[in-house]
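I opened my notebook on a structure I had not looked at before. These are my entries, in the order I looked things up.

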Amino acid sequence: MLGLFALAAACFYGVFSAVEYPWNWSGVWKYRQQFLNGWLTTMALSLVAMIVSVASGFLLMLGRRARWLPVRMGCGSVVEVVRGSPLLVQLLIGHYIIAQAMHIDHPLFTGIVLLGCFEGAYLAEIFRGAVESISASQLEAARAVGFSKAQTYRFVIIPQALRRALPGTTGQLVSLIKDSSLLSVIGIEELVQKVKIMNAANFAPLEGYLPLALAYLVVTLPLSHLARRLEGRFAYET
Amino acid sequence: MKLETHGVTKRYGAHAALDGASFATGDEARVIALLGPSGGGKSTLLRVLGSLLVPDDGHVSLDARVLPHDEEGALKERRGNGFVFQGYNLFPHLTALQNIALPLREVHGMAETQATQRALELLHRLGLAGHEHKRPSQLSGGQQQRAAIARALAPKPRLLLLDEPTSALDPVMTGEVLDVIRELAEAGQSIILATHEISFARKVADWVVFLAAGKVEESSAAGEFFTRPKTELAQQYLEGLSKYR
């Protein structure tokens, strides 16, 4: 892992030397407090958006499996439209048109809800795939021991689906953290926005982006690692 | 018990798994064997009799009480029965003990300690001492099926329904499982058993329902069925199955 990292760093250094890039790190150091603030904003809003995304993903999954056709179709359309259109457009229309019409003027609130729902639409399909992979014989066994529908979800479907949904869900949550950078378009000063300001102030076009990538990796790599450990804990043969 | 069906029909798309199946057992039937060729409707009938499936047409009555068709009534009915399937169908994420104790707690409202105690008692009785904390994948087929029987018996079901419980097992494991079922039958448990093990059915059953192509061809006391089958189809079936045993 460390060896790979060293190799990547060496390659990186080589490439930048090849184009004779004029490094200017002093400006970056001057803005470290701003950088930290941006990082904290990104992490805090990502964390809340993750909770929103898992909750909305779960509800959309249930909706897509509902017995009542209009609910099924409604949730299906939401998933397709949200997944099929750019987050950028959703943020702009959501914040400047829909939220304004509803007299909500909290970009952070709107941004978290929109980001959460965007990733939730993807999670809904990951969850649905996992739930629908539970075999019919398991569902019959649940009926046979007398479980109600809610108990079947709680004791049979969700524990087994959780394990199957975990790899896909982790990937989606990592995407969420990175996608949160788009929230700058509705005026939220998260990490990417701070770095853009910093680069502009220093006349340094790229310096800020390297620590920026590291600042994301510091969180996303441990998240992936944690997920793999959880997968190990849930592992059992079927 | 007296078990009756009247014109029971269950369709899957265009295919009728049960096509107007009607029979009535004697008043004192206790171990009922469902026999007949594969695809004849044994498994479907077993599920209908246990309220795991609701028929599209017709009805079932148990001791002159008609079984309900609404979801809530059927659920209540199911909770009084125990089911064992060909493929065991234990919950793979739970240990043998949890497989038994969880429904006791959640469905039958038993306290944690009593549920655990009851589960342990059954596992020991069915020869699974030492395997309580293993997951299904760590058990042999015979052990899994005995754990499944333990799960079905745990809430003291009025009726134990077994769907070809030994069809996926080798002869040694088949013997283990049949021994358990025989002991239960001899201890007075009411049982409905779909099976191809006719020599076993001959030993334990007191009533036989013979099905083919979704219809009941014959329904008679076991002694009579095995000595003087009335239909030609049943005769051929019995001859075919006893040829090599």
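This is a predicted model: local features need pLDDT of at least 70, side-chain atom pairs count only at pLDDT 80 or more; totals for chains, interfaces and linings use all residues.

Started with B:Asp27, which I found in the loop between β2 (15–24) and β3 (31–35) of chain B. Is B:Asp27 buried or exposed? It is exposed, because 8 other C-beta atoms lie within 10 Å. My cut-offs: 20 or more other C-beta atoms within 10 Å of a residue's own make it buried, 12 or fewer exposed, anything in between partly exposed, with C-beta atoms placed from the backbone. I also checked B:Asp27 against B:Leu52: they sit 25 residues apart along the chain, and their C-alpha atoms are separated by 24 Å.

Residues are numbered from 1 along each chain as its sequence is written, and chains are lettered from A and ligands numbered from 1 in the order in which they are written.

Chain B as a whole came next. I have nine helices and 10 strands for it. A compact globule of 245 residues would have a radius of gyration near 18 Å, and chain B agrees because it has 18 Å. That radius is taken over C-alpha atoms, and the globule rule is 2.2 Å times the number of residues to the power 0.38. The C-alpha trace of chain B spans about 50 × 45 × 35 Å along its principal axes, and buried residues make up 46% of the chain.

Confidence: pLDDT is the predictor's confidence in each residue, from 0 to 100. Chain B averages 93, and 100% of its residues score at least 70. For the complex the predictor gives an ipTM of 0.91 and a pTM of 0.84.

Over to chain A, where I get 10 helices and zero strands. Its C-alpha trace spans about 70 × 50 × 25 Å along the principal axes. Of its 238 residues, 31% count as buried.

One helix of chain A made me stop: α8 (149–179). It has 31 residues, yet its end C-alpha atoms are only 36 Å apart, short of the 45 Å a straight helix would reach at 1.5 Å a residue. The expected span is 1.5 Å times one less than the number of residues. Where does α8(A) bend? At A:Ala165, by about 50°, and A:Pro167 follows within four residues. The bend is the angle between axes fitted to the seven residues ending at a residue and the seven starting there.

I listed buried residues of α8(A), among them A:Phe155, A:Ala165, A:Leu173 and A:Ile177. They pack against α3 (32–64), α6 (107–132), α7 (136–144) and α10 (209–234) of chain A, together with α3 (96–106) of chain B.

Last entry, the interface. Contact means C-beta atoms, placed from the backbone, within 7 Å. In those terms 18 residues of chain A are in contact with 18 residues of chain B. On the chain A side, α7 and α8 each supply at least two residues, and α7(A) gives the largest share, six residues.

Definitions and conventions
Two residues are in contact if their C-beta atoms, placed from the backbone, lie within 7 Å.
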